[in-house]
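I opened this entry to keep track of what I looked up. I went strand by strand, then bond by bond.

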Amino acid sequence: MLPWKRLLRPLTALLLTAVVAVVPAATAHAAAPSSGWNDYSCKPSATHPRPVVLVHGTFANSTDNWLAFAPYLVDRGYCVFSLDYGQLPGVPLFNALGPIDKSAEQLQVFVDKVLAATGAVKADLVGHSQGGLMPRYYLKFLGGAAKVNTFVGIAPDNHGTTLDGLTNLLPYFPGAEDLLSAATPALADQIVGSAFLTKLNAGGDTVPGVHYTVIATKYDEVVTPYRSQFLTGSDVHNVLLQDLCPVDLSEHAAIGLLDRIAFHEAANALDPAHATPTNCASVFS
């Protein structure tokens, strides 16, 4: 493959991710109050005793990332909440760009707020992309393990991304890495071998007391290689979407934004006592 084509594919993926994030954003905030989530009067039921906190991905926000999945959970009787995090000054709509460790502090505050409002002892977390990575810092370093029962990562970059090899070119452009770190710290934190990832993954991927599920797609063009998403630990369930439904072609954005097969498997992780097999027919469930 010609070098310019190798550059084009991951760059296009990033642009598509950004477009998917921004297009619904113009109407999303107007729809959110009637969408059924972020309702602080919601009290968890005996069937679903823990509130679910949704953690969006890079370039997204608390509404656009969850226009399909949040109602999916609300319809199943969950109290559902989502937060904005990682905002940069002067950058509207596009969140999750600030330092990931600082974003984890925002998640810490938000989970405490949700637990106080709902009266629950613990919450469950579901995150897409960076949202499937950042909470691990909260769980490991900010006391989150005592407040979280289950964590589901959808297309998370748990061990970083090479962006299909594009990040390997950064050393050949003097100052590029420093510029990336200064302008969009979260992007730099997600590159394979970053100081953030080295600290996060030192001593093991998981912490005791939390049930982890990772749902990945082999067609992921943003987090590459896709198997770097998987975690290692005693209480980890790693799932490849195509093992559940071979004809599912969802890539990085689609698996988190609209894939009901992935949603079904995430719901199974949240309520394993009532789990049902996930397969291609789950798109109708």
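I began with strand β3 and asked how many of its residues are buried. The count is 6 of 6, so I noted β3 as mostly covered. Buried here means under 20% relative accessible area, exposed means over 50%, and partly exposed is in between, with a 1.4 Å probe and protein chains only. Strands are DSSP runs of E with at least two residues, helices are runs of H or I with at least four, and both are numbered from the N terminus.

Before going on, I wrote down the ground rules. This is a predicted model, where local features need pLDDT of at least 70 and side-chain atom pairs count only at pLDDT 80 or more, while totals for chains, interfaces and linings use all residues. Residues are numbered from 1 along each chain as its sequence is written, and side-chain values use heavy atoms, with hydrogens and water left out.

**The strand and its neighbours**

Next I checked which way the side chains of β3 point. A123, L125 and G127 point one way. D124, V126 and H128 point the other way. Both sets are buried.

Which strands pair with β3? β1 does, in the parallel sense, over 4 bridges. β4 does too: 5 bridges join it to β3, and these strands also run parallel. I count two strands as paired if DSSP finds at least two bridges between them.

I picked out one position on each side. V52 stands opposite D124 of β3. H128 stands opposite I154 in β4.

I then followed the chain from β3 onward. β3, α5 and β4 make a right-handed β-α-β unit. Right-handed means that, with the strands pointing away from the viewer, the path from the first strand over the helix to the second runs clockwise.

**Salt bridges**

How many salt bridges does the structure hold? I found 3. The test is a side-chain nitrogen of Lys or Arg within 4 Å of a carboxyl oxygen of Asp or Glu.

One of them returns to β3. The side chains of R50 and D124 meet with N to O at 2.9 Å. R50 sits in the loop between α2 and β1, and D124 in strand β3 (residues 123-128), so I noted a link between distant parts of the chain, 74 residues apart. D124 is buried, at 1% relative accessible area. R50 is partly exposed, at 22%.

Another lies within helix α4 (residues 100-118). K102 and E105 form a salt bridge there, with their closest N and O atoms 3.8 Å apart. The two are 3 residues apart, so about one helical turn separates them. K102 is partly exposed at 46% relative accessibility. E105 is partly exposed as well, at 34%.

The remaining entry on my list is D112 with K147, at 2.7 Å from N to O. D112 lies in helix α4 and K147 in the loop between α5 (134-141) and β4 (148-154), so the pair ties together parts 35 residues apart in sequence. D112 is partly exposed, with a relative accessible area of 31%. K147 is partly exposed at 28%.

**Disulfides**

I turned to the cysteines. A disulfide is a covalent bond between the sulfur atoms of two cysteines. My cut-off was a pair of cysteine sulfur atoms within 2.5 Å. The structure holds 2 disulfides.

C42 is joined to C79, S to S 2.0 Å. C42 is in the loop between α2 (25-31) and β1 (52-55), and C79 is in the loop between α3 (69-74) and β2 (80-83). The pair links distant parts of the chain, 37 residues apart. The torsion about the S-S bond is about -80°, so this disulfide is left-handed. Is C79 buried or exposed? C79 is buried, at 1% relative accessible area. C42 is partly exposed at 21%.

C245 and C280 form a disulfide too, with sulfur atoms 2.0 Å apart. C245 is in the loop between α9 (241-244) and α10 (252-257), and C280 is in the segment after α11 (260-270), 35 residues away. The torsion here is about 105°, so the disulfide is right-handed. C245 is buried, at 2% relative accessible area. C280 is partly exposed, at 31%.

Last, I checked the order of the bonds. Counting bonded cysteines along the chain, the pattern is 1-2, 3-4.
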